[in-house]
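The questions below go through a few features of this structure. Each answer sets a value against the rule that gives it its name.

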Amino acid sequence: MTAAAGAAAAEAAGAGRRGWRWLGAAGLLALFVLPLVAGGYWTFTLGLCFANAIAILSVSFLVRYGGEVSIANGVFAAAGAYTVAIVEKFFGLSLLASLPLAAVVGALLGLAFAYPSRNLSGIYLSVATIALALALPEVLLHFPRVTGGFEGLYVKLDAVPGLSKGLQRYYLPLLGLVAVVALLSQFRRSRQAMALLLIRTSAHAAESFGVRRSWARLSCMALGAAIAAIGGALLAFSSSTVSPNSFTLWTSIFLLVGSVVSLYSLTVLGSFVGGAFLTLMPLLLAGAGDWVPILYGAALLAVVLGVNALPEGWRARLEGRAQ
Amino acid sequence: MSAAMAAEPLVVEQLALAFGGVRVLQDIALELRAGEITGLIGPNGAGKTSFFNCLTGLYAPQQGRIRLGGLQLERVPPAGRAALGFSRSFQHVALCPELSVVENVMIGLDRQSRAGWLDAFLPLPRGRAERAANRERALAALSRVGLAEVADRSPTELPPGVLRLTEIARAIVGAPRVLLLDEPAAGLNSVETRDLADALKRLRAPELVLVVVEHDMDLIMEVCDTIHVLNVGRLLASGTPAAVRANPEVVRVYLGDDDD
């Protein structure tokens with residue numbers, strides 16, 4: 001490539017990036033002003049959608065940086081959700097106080113799972129995560145005085161006094177989603193992210209430069225679990241309740257489905273698409289009766305195949321891997 | 001690091017490695033001196049890359065000792081050897097396609113970096129300063145191998161020769177004490193090989209143990225001070241390029257006659 005052609009290509013790429021940035025900024029602005037025009041039903045549903053998008057980011061993070069598939073991220077989301085509810089029940093503190101604690105609890109649970117499973121990979125790790133997801137509801141039911149048993153717990157306290165409940169349930173998950181994506185965007189430039197990406201593609205090369213496999217696995221699981229816990233905490237806040245039924249094996253499977261639909265994207269747009277698929281698709285199909293699972297599967301196929309048919313540049317942007 | 005410590009050789013004694021019943025290396029004993037460029041040659045399957053993997057700790061030999069100066073290395077894991085200053089390139093290019101060229105090179109500085117998890121997630125001054133300094137050092141290493149202009153490109157867009165040079169830049173960026181290059185000229189055209197030979201000569205330093213595995217005999221004979229020849233896991237010959245070229249056994253099993 002000549003210098004002139006290179007400069008022209010760089011300029012075109014720069015113009016393309018600027019175009020996407022403007023589009024992204026306009027989309028975010030639209031989401032921030034949406035409650036002014038949309039009704040309570042839509043703000044409530046979209047709040048759940050943003051919280052789900054954060055939990056989906058946790059699955060995508062593990063795929064992108066760890067090269068592993070987890071079917072246990074519903075468990076880490078439950079850790080965050082129950083942390084918020086239990087802190088409110090026993091200490092009377094709102095989400096703003098319990099959210100950082102939820103992230104820490106999620107990370108610790110992630111570490112506790114990752115350490116004994118640090119030498120598992122691929123299908124073996126995935127099956128181990130299934131076991132964790134299957135065990136969770138039983139564990140929650142075993143301690144009813146803390147977890148509320150079958151009934152679960154309520155999350156009623158306002159996080160931002162003076163703002164209506166409906167708006168809090170919309171804006172806090174939205175802000176949480178934007179914050180998590182911003183933190184992940186910053187993380188991508190760090191030495192830790194580069195080391196994780198290299199060890200995923202070439203473990204022996206990374207080890208030769210001082211990156212340890214066990215460090216990589218523990219870091220990925222802890223960070224992924226912390227993100228899932230933040231998503232779970234905001235989900236509890238937006239839906240005002242937590243119960244064992246909210247965090248079954250299916251929750252974890254649907255988070256994985258959402259992550260696939262988002263193409264493992266770590267962007268606001270990609271994760272929002274995944275969150276919308278999880279949250280809105282069942283509502284849109286609600287009137288179809290027995291046809292719901294079939295239509296849901298067809299919609300999933302349409303999204304995955306359709307997005308895969310998009311031009312490479314669009315997919316790269318959607319997946320958040322464009323330079 | 002003192003000059004005396006820095007100039008210490010890497011000594012291998014009675015090294016043996018086997019996978020199941022297959023003996024990959026047997027009774028390897030040699031001294032890799034600092035300040036020299038040492039060549040390691042031999043037919044395919046001779047055990048050259050396995051020898052490198054033993055030196056960097058990726059393989060655990062069943063027998064023998066590896067010493068860097070007075071330090072025994074058998075129980076030191078790969079990450080620990082990297083911390084001691086071991087660095088290498090790979091026979092099959094091992095770069096991450098999701099990272100740019102300069103980011104791949106910056107990984108060579110990971111073991112010397114101190115930025116923690118807070119720096120990773122927040123734009124704190126210390127982390128930003130370290131990242132900028134690492135980028136500058138990576139750019140300088142890329143310049144040394146003539147690749148400064150592709151620093152921000154993706155490895156997926158570049159030809160194999162450029163990727164090999166990128167691996168060398170990653171291996172040298174951390175100012176290693178032991179540098180192991182595994183077939184650095186594979187996939188390079190004649191001009192790139194010429195540039196590589198010049199780059200290797202510039203890498204020669206009094207404190208650096210530099211070992212090159214290579215099949216390009218012109219390159220090896222031109223840049224190396226000492227050459228060791230491996231054949232089916234055993235050390236066949238050692239000596240200066242002229243002595244190795246004149247060794248009839250080496251000619252028979254590897255180099256071949258000029259008439260061939």
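Q: Which residues of α11(A) and α13(A) meet?

A: The model is a predicted one. In it, A:V257, A:V260 and A:V261 of α11(A) meet A:L300, A:V303 and A:V304 of α13(A). The two helices, residues 249-261 and residues 292-308 of chain A, pack with axes 9 Å apart, at an angle of about 35 degrees.

Q: What makes the residues in the contact of α11(A) with α13(A) nonpolar?

A: Val and Leu both count as nonpolar. The residues that meet are A:V257, A:V260, A:V261, A:L300, A:V303 and A:V304. The contact therefore has 6 nonpolar, no polar and no charged residues.

Q: Why is α7(A) called roughly antiparallel to α10(A)?

A: The axes of α7(A) (residues 165-188) and α10(A) (residues 213-239) cross at roughly 170 degrees and come within 9 Å. Angles over 145 degrees count as roughly antiparallel, so the pair is given that name.

Q: Which residues of α7(A) and α10(A) meet, and how do they divide by class?

A: From α7(A) come A:R169, A:L172, A:P173, A:G176 and A:V180, and they meet A:I227, A:I230, A:L234, A:F237 and A:S238 of α10(A). The contact has 7 nonpolar, 2 polar and 1 charged residues. Gly counts as polar and Arg as charged.

Q: How do you know that the span of helix α8 of chain B agrees with its number of residues?

A: Helix α8 of chain B runs over residues 190-203, which is 14 residues. At 1.5 Å a residue they should span 20 Å, and the end C-alpha atoms are 20 Å apart, so the values agree.

Q: What does each chain give to the contact between chain B and chain A, and which helix of chain B gives the most?

A: Chain B gives 29 residues and chain A gives 24 residues. On the side of chain B, α3 (78-83), α4 (101-106) and α5 (117-121) each supply at least two residues. The most comes from α3(B), with 4 residues. The side of chain B divides into 17 nonpolar, 5 polar and 7 charged residues.

Note on methods: Residues are numbered from 1 along each chain as its sequence is written. Chains are lettered from A and ligands numbered from 1 in the order in which they are written. This is a predicted model: local features need pLDDT of at least 70, side-chain atom pairs count only at pLDDT 80 or more; totals for chains, interfaces and linings use all residues. Axes are lines fitted to C-alpha atoms, for helices over the stretch in contact, and angles run from 0 to 180 degrees between N-to-C directions. Angles under 35 degrees count as roughly parallel, over 145 as roughly antiparallel, 65 to 115 as roughly perpendicular and the rest as oblique. Two residues are in contact if their C-beta atoms, placed from the backbone, lie within 7 Å. The expected span of a helix is 1.5 Å times one less than its number of residues.
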